[in-house]
Amino acid sequence: MVAVEAAAARAMRDFNPQDFANLIWAFAKLDHTPGATFQEAFEDALIRKISKFSPQALANVAYGYASLGLPGSRNVLPFVALHLTKDVLTDVETRELVMVMWSFAQSGYDPGAEFIARAEDAALRVVDAMEPDEVTQYLWSLASLRYRPRAAFLRAVESRIDACPAKFDAQAVTLTLWVYATLGIVPSARVTERFADEIDAMTFEDFNPQDLSLGFWAAAVLRAQPRGDRGDDAWVETALRGLASKLPALEASAVSPGGLSAMFQGILTLRMVDAETGGTLSDELGARWAHLEDDAEAAYRGYKTDDPTVSLLQQDVAMALTEMGLTFEIEAFIDGGLIRPDITLTGGGDATDRYPGLDRVVIEVDGPCHYSVEPSDATDDTLDDWFSGGGGGGGDDDDDDSEKDPIDADGKEGAAGRWPLGSTVLRNQLLRSSGLEVVTVTYHEWDRMTTPEDQRAYLRGLLERATEQPR
């Protein structure tokens, strides 16, 4: 391959767009990472001519960079997004659109809410013809970038899942369930019924062990999510039972620590739901995962004991609490070490009188990574920001939404286009199931507090509501 790189480098000045696209695509398919010198020359020459690339060539370039994990992705992908304008996306092929979205998500590049909205409009026009893997990869891309599909697109996707004549394989089923659980969206009954039927027809050998572990986690999380007007969860339970039926053949050594940790969180979730509802599902299915539970718990505790990253926002909240005369612990283990809230209040001064039950109050400080955003009202200039030295990001919030209601931490409809992720909703549910009162400080609410006095008043209001005995 060194000879191929050398020959390509000599001819690069005469490359047309298809030459660039074909070469990087071929390198990706061969799993060949070119040398640093070649990468630099290739990237420079490609960017000079990228305005002439067809949608197919742009998609192949994006795929090549993302698949190989090339560092030049941070420079090339913004140009791909820039040249996939609204008019271009109107005519893009389904496979190319999915490839571009996958490439952005795989590389961790957020093209901004405006691009996501344009891409979703394009996907809506072709969703009725999407194959199962295309549906899954598009949704996976959205969830990985923390974008929540708009209602019209979600309805269209669910109709396609329900009516698609092709089967959804094990990976497509588990990844799609992961999308719903990650974004905190309860799937419609027709989706879970379709997937429950697919799972029932599968054997353990149909599953990648990692996919099975994450599918189990997703089904457990979905069983606990607030359902609103989505109806009962009978098909979610059926899908969960189907996934659990494959677990006896699963070996812990075949699953990553992250997958095992997710499994244990799923087990905790099922036990929580049973404790709240008087159900027995976790007891019924316990034998299916009994041989995995010790390893899964060890992995879960391992992640919990990793050195925590205390954000600047968390530090700001802690400083305000100190100024209020309250005492607390940051990232302290409680309830046998299974829970580690951001801030655990312990008292201070007249706090016990002012806030009865304060010793059972914990504070979670939620930054943008705890939310998905909906691109329905996108007017951002993310690409301009990127080229000016920014980093993109659909989670940014520069709008003045001071008249809007704060987000509902229990996972109901979000304000200003923000929605709590499924894991955030579940975290609060697990904390409450341990007898704790959860106070959530959200980044967008905190940013409105312009003075230390405002911050303290805001926290006092939250604590008074949490203890239900304001004074």
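A contact is defined here as a pair of heavy atoms within 4.5 Å. On that basis, among the contacts in the protein chain with a separation of 6 or more, 75% are accounted for by residues 24 or more positions apart. The model is a predicted one, in which local features need pLDDT of at least 70 and side-chain atom pairs count only at pLDDT 80 or more, whereas totals for chains, interfaces and linings use all residues. Residues are numbered from 1 along each chain as its sequence is written, and side-chain values use heavy atoms, with hydrogens and water left out.

The secondary structure of the chain comprises 22 helices and 6 strands, where helices (H or I, at least four residues) and strands (E, at least two) are DSSP runs numbered from the N terminus. Of the 471 residues in the chain, 53% are buried, a term that denotes under 20% relative accessible area, with exposed meaning over 50% and partly exposed lying in between (1.4 Å probe, protein chains only).

In soluble globular proteins, nonpolar side chains tend to be buried together. A nonpolar core is a set of buried Ala, Val, Leu, Ile, Met, Phe, Trp, Tyr and Cys residues joined through side-chain atoms within 4.5 Å. The largest such core holds 119 residues, of which F42, L46, F104, F115, Y138 and F216 touch the most other members. Helix α11 (residues 170-183) supplies the largest share of this core, 10 residues. Leaving aside residues up to four places away in sequence, F104 touches L77, V80, A81, Y109, P111, F115 and L145.

The largest pocket has a volume of about 1400 Å³, a pocket being, on a 1 Å grid over the protein atoms alone, an open set of points with protein on both sides within 12 Å along at least five of seven lines, and its lining residues having an atom within 4 Å of a point. Grid points are joined across faces, edges and corners, and a volume is the space filled by probe spheres set on the points. Of the 44 lining residues, Q265, Y300, K304, S423 and R427 are the closest to the centre of the pocket. The largest share of the lining, 9 residues, comes from α15. Because domain 2 (167-306) and domain 3 (312-376 + 407-468) both give residues to this lining, the largest pocket lies between them; the domain bounds come from an automatic or database domain assignment.

Conventions:
On a 1 Å grid over the protein atoms alone, a cavity is a set of points where a 1.4 Å probe fits but cannot get out, and a pocket is an open set with protein on both sides within 12 Å along at least five of seven lines; lining residues have an atom within 4 Å of a point.
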